[in-house]
Amino acid sequence: MNAVQTYRYLQPSALRAAGLDLQTCGGPAANPRFFSGFLTTPAAAAAGLLAVAEVARTRYHQPVSPASLDPVVTGSRERLRFESFSGCCGVYARMDVIPAGFDGEVVGHGTTNVDVNPPLREALARMGGIEPLHVAVGPDDLTVSTMEGAVVERKVPLPGRWLRGFAEVQVLTAGFEPRAEIPAAEAAAFLRRLPGAGDRSVLWAVPAGRTLRLTSRPAPGAVCLAGAGRLAALRGLLRHARTLRVYGPGVRAGSPAAPSTWELDTGALRLSLTLSPEPYRGFSGEGAALLALAGDEVIDDAELVGRLLSWDPTIDVAALADAAGLPDDQVRAALAQLGTAGRVGYDVAEGAYFHRVMPYDASRAERDNPRLVGARTQARQGAVRRDGEHATVRSGDEEYRVRRLPDGNFTCSCRWWAKHRGQRGPCKHALAVSMVVAPAEVGA
């Protein structure tokens, strides 16, 4: 489906003498104000904001005209976060401004969409190292102040793919671990050696002393690097960075392509790019969140957990579980459900979830997911029956055999599973089984 969410701005964003004036829309109230202050490393912050905006306007797979989509900004206690997806939804970018990065006050909290238009990007690109950069996020501004003029007001449609992308990324990255950390100089040399834009190969980066070595095959400790040219947005911040950190799931010999996160840290802010497992794959179709969304009880849990969320920089799952009276795994499933409404993200550097609010309805994300809709229909129509260590699902004139594996994943005899082998989440038949049959009853 091609549903979009339209944002409206009160006036154009502009880079003025008083500061960076970024127009906003949405949040806890229409056009909210929740931050005003100076960024302490203006040149680095400008480079990071440009990188997030550049990802938002780029389609890495089959590049065509710019996507012209604008970043999302969240203000909470001690954090400013700017986020975007690429036009193809295969790259997720985020800049986290931590307390050392700003001199001002987060006077409120909320999430909004920010107008970063071409003239503003040009003004940020011309910023010198000693120019102050003032940012105010509020009713008439995301105010980035240098000496530039106004830009044109726009109405920006944000696709439903962003909503599904936010849900998928937070589930995938929650399983990541730090895999490598290298100094900025070695990071710059490593990035220079990478294939250019348009490269679609799947490579693997292996820690090797103070740098990373590329190989064509996975091995324990390696991190997948699919479409290496998609890391180009990091280059503008390299001269300000101290380290490059790399995160990913555990892999072994023979592992399939996997997502990964590449993060530059300046000490005052962090810029990260999370790459989908292959250049042609958008996060919106990965299916990682589907199992967490399949149970009926997760909706009630999500309502409870949502009421308990605060605007702390990170979400403490154990504390949230105590407050909600739920086991940790149910809280994590509830956070995945909240992620479908854009209310939860995951920060690999902190190893923790964070809170955001977007003008999306979680039920709409469910309705827009054909596998979940199909599974609920099959479960409701009684198409699932237990069959020894397996379950059988009737779909039309066909019957499919589903088995739960010891790791909690499924196999199915359908063509969809045969094609993807579980790499794009469960098929609708496996989801239907998870809704109807207890885990212990299906081959686990």
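Leucine 133 is buried, with a relative accessible area of 2%, and belongs to strand S11 (residues 133-138). The model described here is a predicted one. The protein chain contains 12 helices and 26 strands, and 56% of its 444 residues count as buried. Among contacts between residues at least 6 apart in sequence, 72% join residues at least 24 apart.

**Buried positions in strands and loops**

- Glycine 75, found in strand S6 (residues 72-76), is buried with a relative accessible area of 0%.
- The C-alpha atoms of glycine 75 and glycine 110 are 5.5 Å apart, while the two residues stand 35 residues apart along the chain.
- Arginine 230 is placed in the loop between strand S17 (223-226) and strand S18 (243-248).
- With a relative accessibility of 3%, arginine 230 counts as buried, because buried means under 20%.
- Leaving out residues up to four places away in sequence, arginine 230 touches Tyr60, Gly90, Val91, Leu273, Leu275, Ser276, Glu278 and Pro279.
- Cysteine 89 sits in the loop between strand S7 (79-85) and strand S8 (91-97), and is buried with a relative accessible area of 1%.

**Backbone angles**

- Most residues other than glycine have a negative phi.
- Cysteine 89 is not a glycine, yet has a positive phi of about 65°.
- Glycine 382, which follows helix H10, also has a positive phi, near 70°.

**Nonpolar cores**

- In soluble globular proteins, nonpolar side chains tend to be buried together.
- The largest nonpolar core in this model has 56 residues, and Leu231, Leu234 and Trp262 are those with the most contacts inside it.
- Helix H1 (residues 42-56) gives the most to this core, contributing 10 residues.
- A second, separate core has 21 residues, among them Ala375, Phe410, Ala430 and Val433.
- Leucine 231 is in contact with Leu191, Leu194, Leu225, Trp262, Leu273 and Leu275, when its neighbours within four places in sequence are set aside.

**Buried faces of helices**

- An α-helix has 3.6 residues a turn, so residues three or four places apart point the same way.
- In helix H2 (residues 118-125), the buried residues include Leu120, Arg121, Ala123 and Leu124.
- These residues cover an arc of only 160° around the axis, which puts them on the same side of H2.
- In helix H7 (residues 317-324), Val317, Leu320, Ala321 and Ala324 are buried.
- Viewed down the axis of H7, the buried residues fall within an arc of 100°, so they line one face of the helix.
- On the other side of H7, Asp322 and Ala323 are exposed.
- The buried residues of H7 are covered by elements including H6, H8 and strand S22 (352-355).
- In helix H10 (residues 370-380), Arg371, Leu372, Gly374, Ala375, Arg376 and Gln378 are buried.

**Packing of H7 against H8**

- The axes of H7 and helix H8 (residues 328-339) come within 9 Å and cross at roughly 100°.
- This angle makes H7 roughly perpendicular to H8, because angles of 65 to 115 degrees count as such.
- H7 contributes Val317, Ala318, Leu320 and Ala321 to the contact, and H8 contributes Asp328, Val331, Arg332 and Leu335.
- By class, the contact of H7 with H8 comprises 6 nonpolar, no polar and 2 charged residues.

**Packing of H6 against H8**

- Helix H6 (residues 297-308) packs with H8 at an angle of about 85°, and their axes are 8 Å apart.
- H6 and H8 are therefore roughly perpendicular to each other.
- On the H6 side, the contact is made by Val298, Ile299, Asp301, Ala302, Val305 and Gly306.
- On the H8 side, the contact is made by Gln330, Ala333, Ala334, Leu335, Gln337 and Leu338.
- The residues of the contact of H6 with H8 divide into 8 nonpolar, 3 polar and 1 charged.
- Leu335 of H8 takes part in the contact with H7 and in the contact with H6.

Conventions:
Residues are numbered from 1 along each chain as its sequence is written. This is a predicted model: local features need pLDDT of at least 70, side-chain atom pairs count only at pLDDT 80 or more; totals for chains, interfaces and linings use all residues. Side-chain values use heavy atoms; hydrogens and water are left out. Buried means under 20% relative accessible area, exposed over 50%, partly exposed in between (1.4 Å probe, protein chains only). Helices (H or I, at least four residues) and strands (E, at least two) are DSSP runs, numbered from the N terminus. The arc is that of the directions from the helix axis to the C-beta atoms. A nonpolar core is a set of buried Ala, Val, Leu, Ile, Met, Phe, Trp, Tyr and Cys residues joined through side-chain atoms within 4.5 Å. Contact means heavy atoms within 4.5 Å. Axes are lines fitted to C-alpha atoms, for helices over the stretch in contact, and angles run from 0 to 180 degrees between N-to-C directions. Angles under 35 degrees count as roughly parallel, over 145 as roughly antiparallel, 65 to 115 as roughly perpendicular and the rest as oblique. Ala, Val, Leu, Ile, Met, Phe, Trp, Tyr, Cys and Pro count as nonpolar, Asp, Glu, Lys and Arg as charged, and the others, Gly among them, as polar.
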